[in-house]
Amino acid sequence: MVTSFATGNPGRMKTEIYLRVDGVGHAVAVDARSTVLDVLRERLGVTSVKKGCDHGQCGSCTVLTNGRRTLSCLSLAIAQDGAEITTAAGLGSGGRTHPVQQAFLEHDAFQCGYCTPGQVCSAVGVIDELARGWPSAAAADVAADPEPSAAEVAERMSGNLCRCGAYAHIVPAVLQAATDRAPMDGAGR
Ligand code: FES
Ligand code: FES
């Protein structure tokens with residue numbers, strides 16, 4: 001991380017950081033106040049991540065930071081120097097859609113689609129948290145009951161709002177993706 005001042009203007013301090021976004025490395029000089037969301041969208045042109053409230057209340061800006069779901073509007077870019085960031089556009093591999101994206105398609109789990117990139121990234125994080133046995137308000141002991149319920153998925157996805165109200169399809173899509181993955185992760189729970 002390298003910090004420098006613009007000549008004659010100490011107020012314009014920039015810090016050079018390195019981010020790996022959807023598998024592509026970027027060195028970028030950022031203002032200390034810049035969020036990951038603004039750096040992705042405004043500096044790197046990564047528009048698959050969406051700005052909704054910009055206050056940590058809607059979840060539309062959710063990305064995976066080193067594999068953990070993160071609200072990019074609340075994450076300072078300089079705090080993520082060296083991080084691996086995955087957006088919805090970076091999921092999947094070999095030209096194939098990610099299983100969570102496929103489940104959203106099969107369940108028609110979107111209308112306008114604005115919240116969908118954040119929903120998908122959050123769902124990938126939820127499935128990983130289930131595999132790790134992380135508790136939630138709906139299931140304190142995941143190891144004792146490894147099959148997620150619709151109520152548990154709804155609880156874990158509650159930070160991602162959908163103004164189109166597509167929840168009736170989003171929850172089954174995440175449930176299907178979580179259930180399909182369960183046998184792979186069952187031994188680790
Ligand atoms: S834009 Fe980040 S939570 Fe709404
Ligand atoms: S599909 Fe429109 S906001 Fe969720």
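This is a short talk on one protein model, from its overall layout down to a few residues.

Hi everyone, thanks for coming. Please keep in mind that what we have here is a predicted model.

Let me start with the overall layout. The protein has 5 helices and 6 strands. Going along the sequence, the order is β-β-β-α-β-β-β-α-α-α-α. Of the 189 residues, 37% are buried. If you take the contacts with a separation of 6 or more, 56% of them are between residues 24 or more positions apart.

Now let's go to strand E4, residues 62–65. What are its partners? One is strand E5, residues 68–71, which pairs with E4 in the antiparallel sense over 4 bridges. Another is strand E6, residues 84–86, also antiparallel to E4 and joined to it by 2 bridges.

Are the faces of E4 covered or open? Both are covered. In a regular strand, side chains alternate between the two faces of the sheet. In E4, Thr 62 and Leu 64 are on one side, Val 63 and Thr 65 are on the other, and all of them are buried.

Next, the turn. E4 and E5 form a hairpin, with 2 residues between them. Asn 66 is in that turn, and it has a positive phi of about 50 degrees although it is not a glycine. Is Asn 66 buried or exposed? Asn 66 has 12 C-beta neighbours inside 10 Å, so it counts as exposed, the cut-off for that being 12 or fewer.

Asp 22 also has a positive phi of about 50 degrees, and again it is not a glycine. You'll find Asp 22 in the loop between strand E2 (9–21) and strand E3 (24–31). With 17 other C-beta atoms within 10 Å, Asp 22 comes out as partly exposed.

As a reminder, an α-helix has 3.6 residues a turn, so residues three or four places apart point the same way. After H2 comes Asp 108, whose phi is positive, near 50 degrees.

That's my tour, and I'm happy to take questions.

Methods. Residues numbered from 1 in each chain as written. Chains lettered and ligands numbered in written order. Predicted model: local features only at pLDDT ≥ 70, side-chain atom pairs only at ≥ 80, totals over all residues. Buried ≥ 20, exposed ≤ 12 C-beta atoms within 10 Å, placed from the backbone. Pairing = 2+ DSSP bridges. Contact = placed C-beta atoms within 7 Å.
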